[in-house]
Structures are given as C-alpha cells and as structure tokens.
Amino acid sequence: MDNCIRNSAWLYDLDSRDNLRDDLPFYLEFAMKYPGEILELGCGTGRVALFLASKGIDVTGIDLSEQMLDVFKNKLGNVDNNSNMGKINLIHGNMKGFSLDKKFSMIVAPFRAFQAITDSNDVLNSLMCIRKHLDDEGIFIVNVFNPSPIMDESWIYPEKTQWKRVDEQTGNYVVKKHWGDKIDTVNQIIYPHFAFEVTYTNGKTERIVDDLPMKYYYSNQLRKVILDSGMSIIDEYSWYDKSPLDGREIIFVCKRDGNAKFQE
C-alpha cells in the first residue's frame with residue numbers, strides 16, 4: 001500500500017510543535033533568494049505552500065494523500081481574495097516518480113515528507129526526478145530527522161501521549177498519542193503509529209489511527225544518495241536558524257551538479 005496519511009488528515013493541522021513552525025521563515029528566506037515557482041513535495045494540507053503563496057510566491061504542491069489534498073483545497077476555498085497571493089497548483093501524485101514538464105527555482109521536501117519513501121530504489125528515482133525538475137541555478141531543500149546517536153531496537157516504545165489541546169475551530173478536545181512497535185535496522189525503516197482521540201462537543205468520542213513507516217538516514221548516507229543522483233550539497237544545517245549539523249535535524253540545501261556524469 002502507498003505510504004501516506006489518510007484517516008487523520010483532517011486533524012493534521014492541530015499539531016503545533018516547533019519543527020512545524022520554525023521552518024516557515026527559513027523556506028521564505030531561500031524563496032526570496034531563488035525567485036521563481038516552487039515545487040513542494042508532500043505538500044499535505046498546505047502548511048508551507050499557503051505561507052509561501054501568501055507572500056506572493058507561485059507554488060505547485062504534490063501529495064499522494066487525496067485526503068490531505070482535500071483539506072488543502074478546502075483551505076483554498078476559504079482564502080480571501082488577495083492580490084499578493086501567489087498561484088497554487090495542486091497535483092495528486094507520488095514523489096517517488098513524477099513528470100511535470102516544467103522546471104522550478106526551488107523544490108522542497110519539508111519536515112518528514114522525504115522519509116515516507118522507504119525503498120532505496122524509489123529514493124534514488126525520486127532524487128533523479130527532483131534534479132530533472134530543477135532550474136540550472138535552482139535548489140532542492142530536504143529535511144529529515146537526525147537519528148543520533150544510533151537507531152536500534154531501543155527505539156521501540158509503548159503508546160504515550162504526544163500532546164493534547166482544544167480545537168479552537170470546533171471546540172473538540174483532541175489528544176494525540178503515538179507508539180513504535182517495529183524497527184528494521186537493515187533497511188533503516190521505523191514503523192511509528194499515531195492515534196487522535198477526539199472528544200466531540202456532544203460528548204461522543206472517537207479514536208482515529210494512522211501508520212506512517214519512515215526511512216531514516218545518518219547524514220553521510222543522505223549525503224551519498226544525493227551525490228549519486230547528480231546533485232551536490234551547498235549548505236547543511238541542524239535547525240532552521242542555520243545551526244551547524246549534528247543537532248535535532250538534518251537539512252541539506254542542494255543544487256544540480258554540472259560536473260556529474262549523469263544522464264537524464
């Protein structure tokens with residue numbers, strides 16, 4: 001089965017952790033430095049794309065989850081007419097392989113989007129597609145978590161609460177829980193699960209569960225597969241304030257390598 005969020009798409013935006021906020025000015029800074037249309041891989045419900053579009057930037061978003069895109073489209077229907085709003089084009093597709101017949105000044109795979117590709121061949125194919133869709137001077141930014149110091153069976157953990165809050169729009173009380181019951185240390189895939197426990201204003205309760213296997217990378221591994229795809233890395237950070245590598249995140253800013261022996 002294709003790997004994406006389905007059941008809980010309508011609850012996704014309730015997550016307000018720092019790594020789902022602090023990246024927005026980071027992407028905007030690079031978008032201003034590399035003006036033109038942006039392609040967002042795994043655009044989901046529009047967290048990043050809508051922010052960039054609100055600054056007058058044209059964005060194409062691609063996502064495998066029709067449910068996430070439905071949430072995004074509903075948001076677009078509620079956006080006030082704004083002359084500064086960039087154009088948004090949404091595509092139901094797979095970042096493992098795509099052909100859009102155009103090139104972009106910047107391509108981004110924010111947060112954990114790229115880690116939803118768990119097969120190594122699909123990873124390389126995706127990176128080759130990304131390279132093909134970049135302008136000659138364009139950049140690709142990918143963000144994955146840093147599995148420091150090492151991932152092993154100790155990663156497995158029981159169900160626990162991640163956060164709880166009231167949904168201001170509906171008045172529903174939502175508790176997000178998560179757990180991990182399997183890790184494949186050979187192929188470097190973790191199998192996290194998460195559940196949203198919703199208490200509606202009428203007192204009814206519901207538990208909505210999704211699974212999202214993710215491939216994890218040590219920085220040297222991600223660096224190698226990017227180089228193998230015909231791109232080079234021009235900057236690397238551990239957080240959106242441009243902290244040096246070896247922190248919570250791995251953030252690589254990449255470009256096409258004109259010297260790479262690579263056939264498109």
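**Asking how we know**

The structure holds 10 aromatic pairs. This is a predicted model, where local features need pLDDT of at least 70 and side-chain atom pairs count only at pLDDT 80 or more, while totals for chains, interfaces and linings use all residues. Residues are numbered from 1 along each chain as its sequence is written, and side-chain values use heavy atoms, leaving out hydrogens and water.

Me: What makes F26, Y27, F30, Y237, W239 and Y240 a cluster?
Reply: Ring pairs link them. Rings of Phe, Tyr and Trp (its six-membered ring) pair if their centres lie within 6.5 Å.

Me: Why is M95 called buried?
Reply: Buried means under 20% relative accessible area, with exposed over 50% and partly exposed in between (1.4 Å probe, protein chains only). M95 comes in at 12%, so it counts as buried.

Me: Where does M95 lie, and what does M95 touch?
Reply: M95 lies in the loop between β3 (88-92) and β4 (104-109). Strands (E, at least two residues) and helices (H or I, at least four) are DSSP runs, numbered from the N terminus. Not counting residues up to four places away in sequence, M95 touches L41, G42, A113, F114, I117 and S126; contact means heavy atoms within 4.5 Å.

Me: How do you know that S238 is buried or exposed?
Reply: S238 has a relative accessible area of 5%, so it's buried. You'll find S238 in the loop between β11 and β12.

Me: Which backbone oxygen lies 2.6 Å from a polar atom of the S238 side chain?
Reply: That of P244. Leaving aside neighbours within four places in sequence, S238 is also in contact with several residues, including L245, D246 and I251.

Me: How do you know that the charged end of K182 sits over the ring of Y191?
Reply: A charge sits over a ring if NZ of Lys or CZ of Arg is within 6 Å of the ring centre and within 35 degrees of the ring normal. The charged end of K182 is 4.7 Å from the centre of the Y191 ring and counts as sitting over it. K176 does likewise over F194, 5.1 Å from the ring centre.

Technical notes: Phe/Tyr/Trp six-rings, centres within 6.5 Å; stacked < 30°, edge-to-face > 60°. Polar contact = N/O pair within 3.5 Å; in protein donor to acceptor, adjacent residues only side chain to side chain.
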